[in-house]
Amino acid sequence: MEAQRPAPRIAVVGAGIAGLACARALVTRRPDLDVTVYEASSRVGGKLALGEVAGVSLDLGAESVLNRRTEGTGLARAVGLGEAIVYPAASGAGIWTRGAMRPLPSSLMGVPTSLSATAASKVLSRRGLARAALERLMPRLVLDEDVGVGVLVAGRLGVEVRDRLVEPLLGGVYAGRSDEISVQAALPQLVAAVERHGSLLAAAAAASSPPSAAATPLFAGIRGGVGRLPQAVVEDFRGRGGSLLVNAAVRELSRAPTGWTLTVGATTDVTAVTADVVVLATPAAPTARLLRDVAPGVSRELAGIDYASVAIVTLAVPAAAVPPGLTGTGFLVPPADGEPVKAATYSSQKWAWLQGDSAFFRCSIGRHREVASLQREDSELVAQAMAQLTSAVGLRGPLVDAKVTRWGGALPQYAVGHLGRVARIRAGIDAAPGLQLCGAAYDGVGVPAVVAGGEEAATRVIAALDQAGTMDP
């Protein structure tokens, strides 16, 4: 009688939402797999996190997911949070620039979809508008190589469009600098539309959401916070037989005769565990360290991916202190204005479940390479956030509570050439059987993109296992 083969052992390193999505997909699609997730810290979820401010549990990290991509909300529904999915109770945002609050005009990541709407917003000066309109007289645009979004926009539409529109919008996603962010990686839909239309203005208008999409909310949240999602995924994963270890740092990765050996634990108390397949769902720098010996070429490419750090300042004031007539969900601030806060969200106005005795606001501080702005004391960051909200919307407190959450190395920078770098990384990983990668460093920084990347890694793992099985005698 043939001996029963042991279940393939899969080690997922990193319990951010990418690693958790990957692990859950593995045990859901292949219940026979032995899947363990190793997390170096004491908590799961990565940049999705809950905390208490003024006695209320709310998001201290990402607080919404893109709703027009289904992977994030789909995962929430799959793990029992479907009835908790909510949509913003308010709409519209502003730009606080040159001392005034102005409506955010329609755009594709800052590239105007309508110059008339942009003119009405008064975000740009007359000279800036006139410069943008000159693009209609320019030769046909051909994007035959990657370029920084800001460089492209400034050359075609002028520096004002870059500084007053593209910088705050693109900075809100990457906390980076538009001149350095790859147009191919960050705005592939714009690149595709440029090929058809030969103009940035025409391409942005064509690639923006069609009128039929207006009925679908752009963003979604979870009642109680998006930070509920990781724990719900963990519970579902464990219910399907998966294992999760926290405070379990993977310090080394090496080849074993039939797979991989992982060195796990504190430096003074390590354990060697083996796995048939390893999925690295960690940021680029720790992934590069783990691959230094087993895939040196991939390690070098990963080391070239830089990250930006940010701080989220969450403020609570009495609900009665909210200025009358406050509308929308928040505002952006162009870096050119020199303000510390780059974006603010009226959390209680955006999410109905946060409405109560206290009103909550959150401010984002910090951009790529702006180290000094994040080295200030918490009290100074809180004071800066309150001062800017006072100037922008007339918020005057009194402050009930505040919390500063520092996200060091939170956002990967998709520099010019990023897609080529990722392709080289993927090729190197394909040459190392039994190894996969997923996470925000590769195919998108939003929750749906990261969930999709984790689930796609699971698909690759299962396909490789199935192929290996067909090769057995």
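Guide: The account below begins with the sheet, then turns to a residue in one of its strands.

This is a predicted model, in which local features need pLDDT of at least 70 and side-chain atom pairs count only at pLDDT 80 or more, while totals for chains, interfaces and linings use all residues. Residues are numbered from 1 along each chain as its sequence is written, and side-chain values use heavy atoms, with hydrogens and water left out.

Seven strands make up an open sheet of mixed pairing, in the order 8-7-18-19-20-17-21. Strands (E, at least two residues) and helices (H or I, at least four) are DSSP runs numbered from the N terminus, and two strands pair if DSSP finds at least two bridges between them. At the edges lie strand 8 (100-103) and strand 21 (401-412), each of which pairs on one side only. Direction ignored, neighbouring strands of the sheet are turned by 30° against each other on average; axes are lines fitted to C-alpha atoms, for helices over the stretch in contact, and angles run from 0 to 180 degrees between N-to-C directions.

Within the sheet, strand 18 (residues 330-332) and strand 19 (residues 341-345) run antiparallel and are joined by three bridges. Phe331 has Ala344 in strand 19 as its bridge partner. Helix 15 (residues 378-393) packs on the sheet, touching strand 7, strand 8, strand 17 (307-318), strand 18, strand 19, strand 20 (358-365) and strand 21. The direction of helix 15 makes about 65° with that of strand 17.

Thr97 belongs to strand 7 (residues 94-97). With a relative accessible area of 1%, Thr97 is buried; buried means under 20%, exposed over 50%, and partly exposed in between, for a 1.4 Å probe and protein chains only. Neighbours within four places in sequence aside, Thr97 is in contact (heavy atoms within 4.5 Å) with Arg102, Arg164, Pro334 and Asp337. The side chains of Thr97 and Arg164 are joined by a polar contact of 2.7 Å. Such a contact is a pair of N or O atoms within 3.5 Å; within protein, one must be able to donate a hydrogen and the other to accept it, and residues adjacent in sequence count only if both atoms are side-chain atoms.

Leu280 lies 183 residues from Thr97 in sequence and 42 Å from it in space, C-alpha to C-alpha. Elsewhere, strand 13 (residues 250-256) and strand 14 (residues 259-266) pair in the antiparallel sense over six bridges, forming a hairpin with two residues between them.
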